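Keep the model open while reading.

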Amino acid sequence: RNPCDPMSAAEKREREREKAARKAKGSGPREENDRDEKDKEAEEGLEFGDGSDDEEVEFALPDDERIAKLTEFIAAKHTPEECAAELEKLGGQDAIVCGAMLTGRSGEDFAKAHFLISATLDKGGKLTEEIVANKALFKACCPNPAAQLGFLTAMELLIVKDKRNGMKVFDKVCKTIWESDIVEDDMFKVWHAKETVLQAFYNEFKLGDAIKVRESGLKFLEWLEASEEEEEEDA
């Protein structure tokens with residue numbers, strides 16, 4: 001028939017049925033293609049969040065370049081004191097930590113400790129052994145209470161982000177730090193009391209993780225208190 005001729009009512013109904021059938025048939029493969037594309041994006045690490053349409057996509061900043069500079073300086077076999085001076089020179093202002101920037105001088109002691117820990121620890125060995133191997137360097141870089149609190153907070157970040165099995169045995173990590181004379185007794189207590197200290201520096205902070213780490217750390221504090229009481233009795 002001539003396509004310009006008007007269609008009858010029956011022809012119109014038939015055309016509508018065909019259109020509906022094509023639409024129903026086409027929806028299946030399209031949904032499958034959408035799912036395949038999402039799977040591909042997830043495998044390539046391109047998908048952020050839970051994939052909801054209204055979610056704002058956030059792109060992480062690269063690691064702070066000062067980590068690489070400090071790593072190279074330490075690898076050049078400089079003394080602990082020279083490395084501490086270099087860390088102080090690099091500073092912690094406007095630090096990038098876990099893909100986010102800490103603006104200004106807020107958290108500078110934490111940032112420097114994060115640079116230090118990132119440059120030296122979690123290199124494939126046992127964490128407590130790595131701490132002992134670097135104890136002279138850590139001690140030189142933590143000369144005051146603020147630096148020591150920053151060190152413990154940065155260590156907490158390492159545990160909750162990259163070494164989560166360590167949350168259950170953080171008391172052993174604390175004891176190793178104490179035995180290595182890196183952090184004074186009182187600063188362990190200060191860190192333990194500041195349950196949300198990491199929240200200001202880590203966007204993915206979870207209170208539950210902070211509690212678990214401190215529950216384990218409390219074992220060390222109880223051991224330390226018992227040791228002090230024994231020393232007082234012996235005196």
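## Fold and helix packing

The chain's secondary structure comes to ten helices and two strands. The model is predicted. From the N terminus, the elements run α-α-α-β-β-α-α-α-α-α-α-α. The chain has 235 residues, and 35% of them count as buried. Among contacts with a separation of 6 or more, 65% are between residues 24 or more positions apart.

**Helix 3**

Helix 3 spans residues 80-90, and its buried residues are Cys83, Ala84, Glu86, Leu87 and Leu90. Around the axis they cover an arc of only 160 degrees, which puts them on the same side of helix 3.

What covers the buried residues of helix 3? The cover includes helix 2 (65-75), helix 4 (108-120) and helix 6 (135-141). Gly91 follows helix 3, and its phi is positive, near 70 degrees.

**Two helix pairs**

Two packed helices are described by the angle between their axes and the distance between the axes. The table gives both values for each pair.

| Pair | Residues | Angle | Axis distance |
|---|---|---|---|
| Helix 7 and helix 10 | 145-162 and 207-234 | about 115 degrees | 11 Å |
| Helix 8 and helix 9 | 170-179 and 185-193 | about 150 degrees | 10 Å |

Take helix 7 and helix 10. Angles of 65 to 115 degrees count as roughly perpendicular, and helix 7 and helix 10 are therefore roughly perpendicular to each other. Their crossing is right-handed. Helix 7 makes the contact through Glu156, Ile159 and Val160, and helix 10 through Asp209, Ala210, Val213 and Arg214. By class, this contact of helix 7 with helix 10 has four nonpolar, no polar and three charged residues.

Now helix 8 and helix 9. How are helix 8 and helix 9 oriented to each other? Angles over 145 degrees count as roughly antiparallel, and helix 8 and helix 9 are therefore roughly antiparallel to each other. The crossing of helix 8 and helix 9 is right-handed. On helix 8, Phe170, Cys174, Ile177 and Trp178 make the contact; on helix 9, Asp185, Phe188 and Trp191 do. By class, the contact of helix 8 with helix 9 has six nonpolar, no polar and one charged residues.

Conventions
Residues numbered from 1 in each chain as written. Predicted model: local features only at pLDDT ≥ 70, side-chain atom pairs only at ≥ 80, totals over all residues. Heavy atoms only, no water. Axes fitted to C-alpha atoms, helices over the stretch in contact; angles between N-to-C directions. Helix = DSSP H or I, 4+ residues; strand = E, 2+ residues; numbered from the N terminus. Parallel < 35°, antiparallel > 145°, perpendicular 65-115°, else oblique. Left-handed = near helix turned anticlockwise from the far one by under 90°. Contact = heavy atoms within 4.5 Å. Nonpolar A, V, L, I, M, F, W, Y, C, P; charged D, E, K, R; others polar. Buried < 20%, exposed > 50% of the residue type's maximum accessible area, 1.4 Å probe, protein only. Arc of directions from axis to C-beta.
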